[in-house]
Each structure stands twice: as C-alpha cells, then as structure tokens.
Amino acid sequence: MLPLPALLALTTTVFLGCLTEVLPAGLLLGMSEELGVSPSATGQLVTVYAITTALTAVPLTGATLRVPRKRLLLVLIFGFLATNLVIAVSSSYPLILATRVVSGALTGVMWSLVAGYAMRLAPAGLTGRALAVAMSGTPIGFALGVPAGTALGEFADWRWAFAAMALISVPLLAWVSVAVPAVPAERTEVTRPLAASRLPGMRPVLATVALFSLGHNVAYTYIGPVLAGLGVEQMLGAALLVFGCATVGGLIAVGSALDSRPRAVLLSCSVATAAAIVLMGISDGVHGLVLAAAGLWGLGFGGAPTAFQAVTAVLAGPTADAAQSLTIAAWNGAVAGGALVGGLLLPLGTSSLPWCAALLILVPLLFSRRVVLSAPADRCRSRR
C-alpha cells in the first residue's frame, strides 16, 4: 500500500509551491493597479520567479544532496511561509520583486526534492503511482488554488491570497513533522546534475520540457489580457476554474497510460495544449468556445509536468534527484521565457499570443522519436 498520509503531505507542499509560483497570473490586473505598475511589469513577478528557479535549481540541488531530506523539506516550507507573508503586507514593488527571487530559489529545490522523496517512500512497483499522488498538488493548485486566490483577490484584496498561502504553511509544517518519514541524504558517491544531463535520452527530454513550458506560459501568464482582448475579461475566473478542474482529468489520464505508452502521452499533451490555445485565440469571445478551450487546455497540460518528471526519473535511475533539477531548470527557464516573450508581444496586441504559444508547443514533436522511454518503470527504486 502507498503511504498516503506522507504522500498527501508532499501533495500539499507541491500545491503550495505551484500556487506561490503562478498565482500572480490570476491577480495580475489587481496587483498592477494597487502597486502602480503596468500589467507587463506585474507579469515579470512570474518571470523573475521562474528565472531564479531555473538558475538556482541545479546548483542548490547539488549543494543540498547530502542534507537529510525531511529537514530540507521543513526548511523549504518555512521559507514559503515567510516569503508569502512578506508579500501580503508589503506595498513596495521592489521588495515584492526581491521576495519573489527568494521564493523562486526555494521552489527549485522543492520540485527536485519532492519527486525523489515520493518515489523513495513508495513500495516496489508503485513508484509511478506515488509520484502521481505527490504531483497531484499541481493540478489541484490550478483547479482550486488559482481560481480561489483569484476570487479572493477580486472580492477582497490580492494580499489576502498571499496571506492565505502563508497560513497554509503553518499546519503543513506540523503535518510533515508527524506524518513524513525521515529519508537520509545520499551516503555514497553523488551524481551531480550536469553529469546527469549526459545520460542517454536526457537532452531530448529537456528540450521537450523547455519548449512545451515556453509555449504554455506565453499564453497562460497573460490569459487575463488575452480574454480582455476578446471582450470577455469577466470570464477569467470561470476559465481558470475550468482549466484547473480539467488538469485533474489530465493527470488521471497520464497516470493510467504513462507506464505503457509514454511517447503517446507526451505527444498527446503537446497536441491537446496547442490546439486548445489556438481555439481560445479564434473563439471570438464566444463563451462556450472559451470554456471548451480552457477545458481542453487543462486536459493537455494537467499531466505534462508529472509525465516529464516520470520520464526523467526513468532515464536517471539512481541519480533521479540530480536529474530532476535539470528538468526543473528547463521548465522554469521556459516559464521565465514565456512570461518575457508574452510581455514583449503584449503591447502589439493580444491576438498574436495564442499562435506564438501553439507554435512553440508543437516544436517538441520533432524530438519525440529521440526520447528514450524504454527503461524499466521501476528502475528508480535502486536509489533507495
């Protein structure tokens, strides 16, 4: 049986990290108005966060490989508490920007840590399912957290959304302390992240991760302005809710098919996500089409992060933590690139964003045949 209390604590940690990273996309217009900066400048709160995660994931993961995993996890959660609380009470855009840098560094280590932690806690033969449970915090964050935070920002104030994330961290610290077993740090020769990048098939996977994330974030970071350009800005909350709920279905679909058809999973995620973004761009503001596009987008995107991390773990085997930091760096570097590219295109009009995003997402199809996906699904158990 899976150790569900421990895995669900990891799920909540992932939920918190996901929400901390992407929530400004749902609060963009309100934060922009109150802080006295442009929507593009507010969007850079996502960019700076992602750049920091991309730049620090590899060195910080490498530097902490010998730190006991539970102790490191508790430090990261406390860091989320402190940084979200600072943002909740601050009126200074430069201070908020600096705090997002710290949060980004915490997140890079968190993503690398949780994936390996979940698989090390699982019984033999259930590592993929354990990873899916732990990573379900991401679609839950999109399905519930982002819409709830956006609604809280609309009806009260965007600060309350960040305060709520700080409050979530308090019981989570107690939960992890009680329910999550301690996992020792590496005691043998540690494989550094850059060495893991030379594993067979790893570089095509990293290229696929980066291009998928780049295209998704060109559109998602600025979904509020895109909907405003279609004349349906009032549908932002509903679209995010439909998107988030659909990500849960996407994760379930990926979890059921990943072991037997990994290449088909990655292709399906890319095609569905690109098609959905194009559909939203050509919807002409028709409510049904906007919501259908949001649902298809969520289905395509929902399982993608888990699929990428699972494939990375399969390829890396006992060096999974080091390899995961490369995936996180590629993903978040592309988050920053997507927010930056979207910010540059935004003054030219929102109509170009969906087409640019879809084109970038489909580029990874060129790499699909080079991704090595034949390693035993439970190979990562050898690291225990």
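How many helices and strands does the chain have? It has 17 helices and zero strands, where helices (H or I, at least four residues) and strands (E, at least two) are DSSP runs, numbered from the N terminus. This is a predicted model, in which local features need pLDDT of at least 70 and side-chain atom pairs count only at pLDDT 80 or more, while totals for chains, interfaces and linings use all residues. Residues are numbered from 1 along each chain as its sequence is written, and side-chain values use heavy atoms, with hydrogens and water left out.

**View 1. The chain as a whole.** Let us begin with the overall picture. Of the 384 residues, 60% count as buried; buried means under 20% relative accessible area, exposed over 50%, and partly exposed in between (1.4 Å probe, protein chains only). The chain exposes about 14,200 Å², and carbon and sulfur atoms supply 71% of that area, computed by the Shrake-Rupley method with a 1.4 Å probe, where for residues only the protein chains shown count as cover. Among contacts (heavy atoms within 4.5 Å) with a separation of 6 or more, residues 24 or more positions apart account for 86%.

**View 2. Helix 1 crossing helix 7.** The axes of helix 1 (residues 4-26) and helix 7 (residues 137-155) come within 8 Å and cross at roughly 45 degrees. Axes are lines fitted to C-alpha atoms, for helices over the stretch in contact, and angles run from 0 to 180 degrees between N-to-C directions. The two helices are therefore oblique to each other; angles under 35 degrees count as roughly parallel, over 145 as roughly antiparallel, 65 to 115 as roughly perpendicular and the rest as oblique. Their crossing is right-handed, a term for a near helix turned clockwise from the far one by less than a right angle, with anticlockwise giving left-handed. On the helix 1 side, the residues that meet helix 7 include Phe15, Leu19 and Gly26; helix 7 brings, among others, Gly141, Phe142, Gly145 and Gly149. By class, this contact has nine nonpolar, eight polar and no charged residues. Here Ala, Val, Leu, Ile, Met, Phe, Trp, Tyr, Cys and Pro count as nonpolar, Asp, Glu, Lys and Arg as charged, and the others, Gly among them, as polar.

**View 3. Helix 4 beside helix 8.** Helix 4 (residues 69-89) and helix 8 (residues 158-179) have axes that come within 8 Å and cross at roughly 160 degrees. That makes helix 4 roughly antiparallel to helix 8, and the crossing is left-handed. Among the residues making the contact are Lys70, Phe78 and Asn84 of helix 4, with Trp158, Arg159 and Phe162 of helix 8. The residues of this contact divide into 19 nonpolar, three polar and two charged.

**View 4. Cys269 and its surroundings.** Cys269 is found in helix 13 and is buried, with a relative accessible area of 5%. Leaving aside neighbours within four places in sequence, Cys269 is in contact with Phe212, Val254, Gly300, Gly303 and Ala304. Its C-alpha atom is separated by 9.2 Å from that of Ala307, 38 residues apart along the chain.

**View 5. Asp284 in a loop.** Asp284 is found between helix 13 (262-281) and helix 14 (287-302). Its phi is near 60 degrees, a positive value in a residue other than glycine. At 66% relative accessibility, Asp284 counts as exposed.

**View 6. Pro305 and Pro139.** Pro305 lies in helix 15 (residues 304-316) and is buried, with a relative accessible area of 15%. Pro305 and Pro139 are 166 residues apart in sequence and 9.6 Å apart in space, C-alpha to C-alpha.
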